[in-house]
Number of protein chains: 2
Amino acid sequence: MSVSMFSEAYSELFPFWNEISDAERRFICDNSKALTYRKGANIHNGEECSGVIFVRSGCLRVYILSEEGKEITLYRLHKGDLCMLSASCVLQSITFDVHVDAEENSECYVINGWSYAKVSEENSKIKIFTLETALSRFSDVMWVLQQILFMSMDKRLAIFLLDESSRLGSDTIELTHEQIAKYMGSAREVVSRMLKYFSSEGMVEVSRKGVRITDKKRLRALAL
Amino acid sequence: MSVSMFSEAYSELFPFWNEISDAERRFICDNSKALTYRKGANIHNGEECSGVIFVRSGCLRVYILSEEGKEITLYRLHKGDLCMLSASCVLQSITFDVHVDAEENSECYVINGWSYAKVSEENSKIKIFTLETALSRFSDVMWVLQQILFMSMDKRLAIFLLDESSRLGSDTIELTHEQIAKYMGSAREVVSRMLKYFSSEGMVEVSRKGVRITDKKRLRALAL
């Protein structure tokens, strides 16, 4: 029952699913769990091998954390996405630690890391998919690096607000300045100062509820 | 003659060399060139597929460049290292551009990118090596990101000076403040200010020739 539930989902997720043996498919399903995470829960703290996480619904946030508790969001995972970096035992060449939180209530299928590592080592089709999935996040992280290093703060904030607005399908972004700063890898003071400037220019309205975009056209021009 | 030269070098470089066919080995060698780059030369500007570069001697620097010309060094390649990110046609999941300069006079063997991509697609052993090589640089880049984001400038500069000193086997680092800033992804003013502080604390001596470390012990304590 639960095997067929996993198997059905994996046949859509894994391009190699129909090219591996019955025993391999069975092994992966037998080492899978369906887990539900509450909004805000920490799923992976960078230390253990938490396994390969397949997002069925909700949203996970992958980030790095400094000793002083400063966070930088690397990317988010939505329905249908796979988190490979949480399975450090699968990827020997990844020597850095990421953290993963549930940003919304999320349903996931989690494959035990050591079991996944085993089939991945034994089957080159699985191995290639695994490496390609991990490598595709390299580009996301480079994008974050470039944003932070090369882009001026007004542009970065405009892009962030427009992205959030389009993701939520709403002009109002219900986040505190502190939260926005955290997501952007910036400081609250910097975000507050820039929002004040945006507000004085009539591009946004800042209230206790969050930030409402009032002039999307100008914000878009800034984001170019 | 030149085929056997490449073949000998590749047998040490590529773990798959003895597991692929004669035809594949021949094809890789036939599509290889021995190239020499002068110190300071740009080898790859991020636009074309410059091929897979194997460093035989010298040193290459891999960096990203902003529209305004600001540079961030991602990592350096020394003798025996392989540059995979310069072969963008090999790695579909890498969507960012890097630049590569010769930091010293360097001798390299360069495998044509499209030819390498062809054998990599056809042989899973080559493909796995290719992906693993690219992925191992992900960790280097994450390290740079964490340095830049999380570490205070004094610590970063101390680490930079100690690293350069141990790499060169000399206490004197013959770089201008401008060059140090470039390598560290910082501004010249910031580096100059910090070097002045280090100098006032007796940890370094700053002269026209560069920076000489005078108190390695204290610099090491700062780098911890």
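Reader: Which residues of chain A are linked with Arg61(A) in a network of salt bridges?

Author: Happy to start there, with the reminder that this is a predicted model. Arg61(A) belongs to a network of salt bridges in chain A.

Reader: How many salt bridges does the structure hold over all chains?

Author: A salt bridge here needs a side-chain nitrogen of Lys or Arg within 4 Å of a carboxyl oxygen of Asp or Glu. Between chain A and chain B the count is two. Over all chains, the structure holds 28.

Reader: Where in chain A do the salt-bridge partners Lys125(A) and Glu19(A) lie, and how many residues apart are they?

Author: These two side chains meet in a salt bridge, at 3.6 Å from N to O. Lys125(A) sits in helix α4 of chain A, while Glu19(A) is in the loop between α1 (2-13) and α2 (22-30). The pair therefore counts as partly exposed at both ends, with Lys125(A) at 42% relative accessibility and Glu19(A) at 49%. The bridge links distant parts of the chain, and the separation is 106 residues.

Reader: What separates Asp30(A) and Arg26(A) in helix α2 of chain A?

Author: Asp30(A) and Arg26(A) form a salt bridge, with the closest N and O atoms 3.7 Å apart. Asp30(A) is partly exposed at 46% relative accessible area, and Arg26(A) is partly exposed at 48%. Because they are four residues apart in helix α2 of chain A, what separates them is about one helical turn.

Reader: Is Lys127(B) buried or exposed?

Author: Lys127(B) takes part in a salt bridge with Glu132(A), where the closest N and O atoms are 3.1 Å apart. The side chain of Lys127(B) also meets that of Glu121(B) in a salt bridge, at 2.5 Å from N to O. Glu121(B) is partly exposed, at 49% relative accessibility. Lys127(B) has a relative accessible area of 9%, and because the cut-off is under 20%, Lys127(B) counts as buried.

Reader: What area do chain A and chain B bury between them?

Author: The size of an interface is often given as the accessible area lost when the parts come together. In this model, 31 residues of chain A are in contact with 31 residues of chain B. Carbon and sulfur atoms account for 78% of the buried area. The total is about 3100 Å².

Reader: Which element gives the most to the side of chain A that touches chain B?

Author: Across the interface, six residue pairs are in polar contact. The elements of chain A that give two or more residues to its side are β4 (59-65), β5 (71-78) and α4 (124-150). With 18 residues, the one that gives the most is α4(A).

Reader: By class, how many nonpolar residues does the side of chain A that touches chain B have?

Author: That side of chain A has seven polar and five charged residues. The nonpolar count there is 19.

Reader: What share of the residues in chain A is buried?

Author: Chain A has eight helices and eleven strands, and its C-alpha atoms fill a box of roughly 65 × 35 × 30 Å along the principal axes. Among its contacts between residues at least 6 apart in sequence, 69% join residues at least 24 apart. Chain A exposes about 10900 Å², with 47% of it supplied by carbon and sulfur atoms. Of the 224 residues in chain A, the buried share is 52%.

Definitions and conventions
Residues numbered from 1 in each chain as written. Chains lettered and ligands numbered in written order. Predicted model: local features only at pLDDT ≥ 70, side-chain atom pairs only at ≥ 80, totals over all residues. Heavy atoms only, no water. Contact = heavy atoms within 4.5 Å. Buried area = accessible area lost by both parts, 1.4 Å probe. Polar contact = N/O pair within 3.5 Å; in protein donor to acceptor, adjacent residues only side chain to side chain. Nonpolar A, V, L, I, M, F, W, Y, C, P; charged D, E, K, R; others polar. Buried < 20%, exposed > 50% of the residue type's maximum accessible area, 1.4 Å probe, protein only. Areas by Shrake-Rupley, 256 points an atom, 1.4 Å probe, with all protein chains shown as cover.
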